[in-house]
Amino acid sequence: MKEADYYESTNGVVVMVEPYSQQEQIQQIVYRILDANLDRTREGLRIIEEWCRFGLNNAQLAGECKYLRQELAKWHTAEIRAARDTVGDIGTDLSHPQEEQRASIKSLLQANFCRVQEALRVLEEYGKLYSPNMGKAFKQMRYRVYTLESSLMGYQRHQLLWRSHLYLVTSPSDSLFATVESALKGGLTLVQYRDKNSDDTVRLEQATRLRQLCHAYGALLIMNDRVDLALAVDADGVHLGQQDMPIALARQLLGPQRIIGRSTTNSEEMHRAINEGADYIGVGPIYETPTKAGKAAAGLEYVRYAAQNSPIPWFAIGGIDANNINDVIDAGAERVAVVRSLMQAEQPTLVTQYLLSQLNRVRPQPEIVQN
Ligand SMILES: Cc1ncc(COP(=O)(O)OP(=O)(O)O)c(N)n1
Ligand SMILES: Cc1ncsc1CCOP(=O)(O)O
Ligand SMILES: [Mg+2]
């Protein structure tokens, strides 16, 4: 039999309290942990779902969040809810300074994925004390959330690629970071780190800094030539030339979420790259350029061909600057990539803004002649 505790309430009435057995106390604690983490998971998923729904208009991703929330609700039984003791919870006032501010949607999403995954892990472990099936259910859910995270982050990446019209390919420079940051301030959203001669230690260090910089501005970082370095610095993708790694192999190593670009100089290379699964192509060199000395120009004719035939984003590249960009645009280009125009600019922000303004200009459609 339980021993009763007696205490006198404020109005003088003596109340008898049946204390919990030690086992019951532990059960109550487990219920509280389950209750708090079921709530935490549901809230985190709701935050992610709102972005999938309103930010991305993606019914499939939003649907997956909703499905997971509904699965969670099935485990949130009355006995677990009844254990809630918000007033007695010493954790409600604890918060980390990083929770008070989020630098971007990406960091907001990442923080919430982290929170959901942690909470699911807690549910998995403590759930085993509640029922063996609970442990299994939350383990499966945790894996589904990992898949959701990688689909969502991959989707965001590809969306940003499609929205990008200007592409900066870097060249070695003492002011590499200042130049890139200045262009990012002008609205640049796509950067490729290209350094053909430095040691890998330098490349790793610079590309890591560039990835941090680009992500802080909500831009993508692509690594030139090297799939291994792209993975090592957690870049958003890789750019491969005709002599670089085959796209299929790169895809195996990088997975579906990262971006793979391919250089093309003619229609045959263009169709091959598309069939092999490139996410975008470089089209050029349009003009001869010292940046790729000795490489013959493909010319504006190839721009016209790409404009008519490429179903994936393509970037005209090679010798493009503020003076000739409109010729390239008039030949059908909606996206261009540049090295010197930005790397050698005195004011990269202004040049970026100018190039983007030309690319974003609404062009009059060719007049339809009625007979
Ligand atoms: C956007 C873009 N287009 C083409 C290239 C050229 O790639 P590649 O032919 O592999 O030559 P290198 O850049 O490796 O010298 C590119 N880098 N980016
Ligand atoms: C990397 C590359 N691939 C085709 S042209 C080119 C260089 C373009 O450089 P720039 O914009 O300075 O002419
Ligand atoms: Mg290359």
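**Entry 1. Conventions**

I take two strands as paired if DSSP finds at least two bridges between them. Helices (H or I, at least four residues) and strands (E, at least two) are DSSP runs, numbered from the N terminus. I note that this is a predicted model, in which local features need pLDDT of at least 70 and side-chain atom pairs count only at pLDDT 80 or more, while totals for chains, interfaces and linings use all residues. Residues are numbered from 1 along each chain as its sequence is written, and chains are lettered from A and ligands numbered from 1 in the order in which they are written.

**Entry 2. Strand S3**

Three bridges join S3 to strand S10 (residues 336-338), and the two run parallel. Tyr167 has Ala337 as its bridge partner in S10. Strand S4 (residues 190-193) is also parallel to S3, with two bridges between them. Here Val169 stands opposite Gln192. From S3 the chain passes through helix H7 (residues 176-185) to S4 in a right-handed β-α-β crossover. I call a crossover right-handed if, with the strands pointing away from the viewer, the path from the first strand over the helix to the second runs clockwise.

**Entry 3. Strand S7**

I examined S7 (residues 259-264) and found six of its six residues buried. Ile259, Gly261 and Ser263 cover one side, and Ile260, Arg262 and Thr264 the other.

S7 runs parallel to strand S6 (residues 237-240), to which four bridges join it. Val238 pairs with Ile260 of S7. With helix H10 (residues 247-254), S6 and S7 make a right-handed β-α-β unit.

Four bridges also join S7 to strand S8 (residues 280-283), again in parallel. The bridge partner of Arg262 in S8 is Ile281. S7, helix H11 (residues 267-275) and S8 form a right-handed β-α-β unit.

**Entry 4. Ligand shells**

I listed the residues near each ligand, that is, those whose C-beta atom, placed from the backbone, lies within 6 Å of it. Ligand 1 has 15 residues around it, of which Gly241, Ser263, Gly282, Ile317 and Ala337 come nearest. By class the shell has five nonpolar, seven polar and three charged residues. Ala, Val, Leu, Ile, Met, Phe, Trp, Tyr, Cys and Pro count as nonpolar, Asp, Glu, Lys and Arg as charged, and the others, Gly among them, as polar.

Ligand 2 is surrounded by 15 residues, the closest being Thr289, Thr291, Gly318, Val339 and Arg340. Its shell has six nonpolar, seven polar and two charged residues.

**Entry 5. Nonpolar cores**

I define a nonpolar core as a set of buried Ala, Val, Leu, Ile, Met, Phe, Trp, Tyr and Cys residues joined through C-beta atoms within 7 Å. The largest has 59 residues, and those with the most contacts inside it are Leu168, Val191, Val283, Phe315, Ala316 and Val336. Apart from this core lies another, of 20 residues, including Leu38, Ile48, Leu109 and Leu152.

**Entry 6. Single residues**

I looked up contacts, counted when the C-beta atoms of two residues, placed from the backbone, lie within 7 Å.

Leu45 sits in helix H1 (residues 22-55) and counts as buried because it has 26 C-beta neighbours inside 10 Å. Beyond its neighbours within four places in sequence, Leu45 contacts Cys65, Leu68, Arg69 and Val116.

Leu148 belongs to helix H6 (residues 132-163). Leu148 has 21 C-beta neighbours inside 10 Å and therefore counts as buried. Not counting residues up to four places away in sequence, Leu148 touches Leu61 and Glu64.

Pro290 lies in the loop between S8 and helix H12 (300-309). I record Pro290 as exposed because it has 9 C-beta neighbours inside 10 Å. Pro290 and Asn37 are 253 residues apart in sequence, and their C-alpha atoms are 59 Å apart in space.

Note on methods. Buried ≥ 20, exposed ≤ 12 C-beta atoms within 10 Å, placed from the backbone.
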